[in-house]
Amino acid sequence: GDNDGDLPNLTRGVLLGQVCLLNVIILAIVILADEDGNYLREAWEHILTCVSRFEHLHLLGEGAPPDATFFAFPQNDSEKSKQAKSTVLPVLRKKGPGKIQYAAAAVMRGSYDSAGIGGNIAGAVTSEQMNNLVSNLNMLEQVGEMNRIFTRSQKLNSEAIVDFVKALCKVSMEELRSTSDPRVFSLTKIVEIAHYNMNRIRLVWSSIWLVLSDFFVTIGCSGNLSIAIFAMDSLRQLSMKFLEREELANYNFQNEFMKPFVIVMRKSSAVEIRELIIRCVSQMVLSRVNNVKSGWKSMFMVFTTAAYDDHKNIVLLAFEIIEKIIRDYFPYITETETTTFTDCVNCLIAFTNSRFNKDISLNAIAFLRFCATKLAEGDLGSSSKNKDNEFGKISPSSSNKGKDGRQDNGVLVDKDDHLYFWFPLLAGLSELSFDPRPEIRKSALQVLFETLRNHGHLFSLPLWERVFESVLFPIFDYVRHAIDPSGGESPGQGIVNDIDEHDQDAWLYETCTLALQLVVDLFVNFYNTVNPLLRKVLSLLVSFIKRPHQSLAGIGIAAFVRLMSNAGDLFSEEKWLEVVSSLKEAANATLPDFPFIVSGDIMVGSNGHALNSQSNEASAGSDTSHGDSESSRAQHVYDLLSDAKCRAAVQLLLIQAVMEIYNMYRTHLSAKSIIILYEAMHDVASHAHRINNNTILRSKLQEFGPMTQLQDPPLLRLENESYQFCLTFLQNLILDRPPRYEEAEVESHLVDLCQEVLLFYIESARSGQASQASEASANGQTQWLIPLGSGKRRELAARAPLIVATLQAICCLGETLFEKNLPQFFPLISNLVSTEHGSSEVQVALSDMLSSSVGPVLLRSCLSW
């Protein structure tokens, strides 16, 4: 009929009959849930679905708009932006006056998308007729006991309440996922149910929250932004209710009910949701800070996740809140559980890596200094539950140690025992030493070493061991392995590339130099505690010296001298033995060598590059790949030569450092330590002599010309200085007679050394004359003794000071020892007389020896005959 017509009596009767039936069904459901709720199990889903539909029909009867009106997706970016910026959640806005059309539509299509009442009714419904129908529908309000199903859920047993919550979550999920008519009725009831059942035992609560947590995570990551926002706000309301209650000891439910915030923060792709979570957590902390206990952990996890967010506004907002928390509420953070200090530190470290704002990173480092100060002051309290860290777990068997023990029921109570919290703070600062931003790197190193210097007196040896191993030494790992990443002994590998890397990463080497000096100073400052770590510190320094890179090796040698000059007075004999052994190790590891030239068939091209002789025989029309092979081979030889030169330079620096250390602590060193230094220097000297005495090697090196930039002989200075130091060590031993001095051993070393030096000198002088004589013989000339060439004379002149010192050392042996060894010395002295020298110094010294020592001995021998 038309709009003014009456609804057919039959239809009105059917509707009213169904309304009465609904009331009866509701009453039956309420009674069933109340009396048999513990046995319904999966049937709860049907009951709760009915309750949801009845509530939906009731609201429509009142004329309220459906929830779908507020959950619709924005149609364009501007609408989405407008919705995101709104400070009031859409679902929380006050609903306007109901419109009767909603109820009419529901009657016409059936409640909650069912195929129920009025499916095929024809004709329009007038306002007066609809008002009568609504009046009948309002009878649902008389069945308000429907809510008893939720309020009385706290009377369900432990198994039934879990079934109830599962069913409610499932119904809510269906409501929210409905494409035509999404609703939040069951979601709001979830918050109520959680509140009603808050007093249940821990085991039951854990089962309930396991279900609820998954539910909130799923809805929080919903593609419908409005639904996700509503879910997070519901979780916030629920969390605020939880925080109103005091958390019992050993009951970490706060951390559990906040985990959905953390998970959604990590998984959600909507920046609006992540911002909402930060604001929710902020509100919870600032309004309930007195009640927050285990919840700090999840809160810091949220802010840590925000620190790595791709949106600048998220990072800035999160750090602003962290600043306020640490400034105003730091004592609350560790009031109950000191392990949350580590969470706070890790959160700050995350912000130090912020790429959006340098000031955030610097402020985070400043807060780390603040945390270190609080830690040193002992503001963390004595409770440290559930310790599980890099230093190991507390075993139950280790509890109750007694009066002098440091544990009580498995909980460390001594002030020093919370020091393991230093580790994450210090390790985080250590990692920042690799930051490419100079300001961050400098600030981090400053705070790191300032913290260690100011508070290191609180550290025990085990903590210092961890600090050196896991905080300080890793600072140098990149530099130590940059030259030879494989860690293998490949002297020429990548020398040129590494030089380029040094140029490009100069800041890293500068940082390394400063950090190494600071480590040495730190070790000296706390030597009384950390002296057992001397071997590890020495290993660090030696690892630098071993690197085939002159700058790095020089850094290591300078740091070694710095350590000795500041701590040498503190070393015991045992420690000095470790020091000299390390120097010997460094000396043996840096011996320069040229086996690739001696053994290889290498020639020099006209461009000065090293080439294989076979490559020169190749045809001029060789292809490009062959040319590339020759270039690669030449580059390889160049790298090997550079490595050998580098090692020679390092050894010169090293032996000079050894002599400097020796001169500083000559009176502190035992005879055994000095003998080890002597052996180290003798190895260097004899190795250099073998290279200098290799005529084939010297000839090929000269063929390379300017490519090598080496003198002839290549290691003459190294040989002379190391032999001179050997001579000094032995002579001073005889004069000083330090502890553990064995006269016979030292005198034997000195005699052998003098003979060795003189013999090498004579062989070198005669080799020059012999080579020239052999050339004359080959040309058919008379074999006259040809004077030395200018090159050989320069070499002998360079060796002259060592020979003079050796002759003087022989004269100082004493009459008995000199006379005893004269038979071995006399042939060498005779050869020196007949040898041509490059300097008159040798002849003068030889004359003095003959007149002051040899002459009197021979005279006494003649008289005795």
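Modeller: Start with the disulfide: a pair of cysteine sulfur atoms within 2.5 Å. By that rule the structure holds 0 disulfides. This is a predicted model, where local features need pLDDT of at least 70, side-chain atom pairs count only at pLDDT 80 or more, and totals for chains, interfaces and linings use all residues. Residues are numbered from 1 along each chain as its sequence is written, and side-chain values use heavy atoms, with hydrogens and water left out.

Biologist: What makes Cys-646 buried or exposed?

Modeller: Relative accessible area decides: buried is under 20%, exposed is over 50%, and partly exposed lies in between (1.4 Å probe, protein chains only). Cys-646 has 9%, so it counts as buried. Cys-811 has 27%, so it is partly exposed. Across the protein chain of 865 residues, buried residues make up 51%.

Biologist: How do you know how many helices and strands there are?

Modeller: They are DSSP runs, numbered from the N terminus: helices are H or I of at least four residues, strands are E of at least two. The protein chain has 37 helices and 6 strands.

Biologist: Which residues are called a transmembrane region, and what does the model show there?

Modeller: The unreviewed UniProt entry lists residues 15–33 and 208–232. UniProt positions are in the numbering used here, feature names are shortened, and annotations may be inferred rather than shown by experiment. In the model, residues 208–232 are 84% helix and 0% strand. The end C-alpha atoms of that span lie 18 Å apart.

Biologist: What makes H18 and H19 a packed pair?

Modeller: H18 (residues 422–431) and H19 (residues 438–455) pack with axes 8 Å apart, at an angle of about 145°. Axes are lines fitted to C-alpha atoms, for helices over the stretch in contact, and angles run from 0 to 180 degrees between N-to-C directions. Contact means heavy atoms within 4.5 Å. On the H18 side, Trp-422, Leu-426, Leu-429 and Ser-430 take part. They meet Ala-444, Val-447, Leu-448, Thr-451, Leu-452 and His-455 in H19. The residues of this contact divide into 7 nonpolar, 3 polar and no charged.

Biologist: Which peptide bond is cis, and where does its proline sit?

Modeller: The bond joins Asp-712 and Pro-713, with omega of about -5°. Pro-713 is in the loop between H32 (695–704) and H33 (716–736).

Biologist: Why is Arg-740 put in its accessibility class?

Modeller: Arg-740 has 53% relative accessibility, so it counts as exposed. Arg-41 has 46%, so it is partly exposed. Glu-743, found in helix H34 (residues 743–778), has 36% and therefore counts as partly exposed.

Technical notes:
Nonpolar A, V, L, I, M, F, W, Y, C, P; charged D, E, K, R; others polar.
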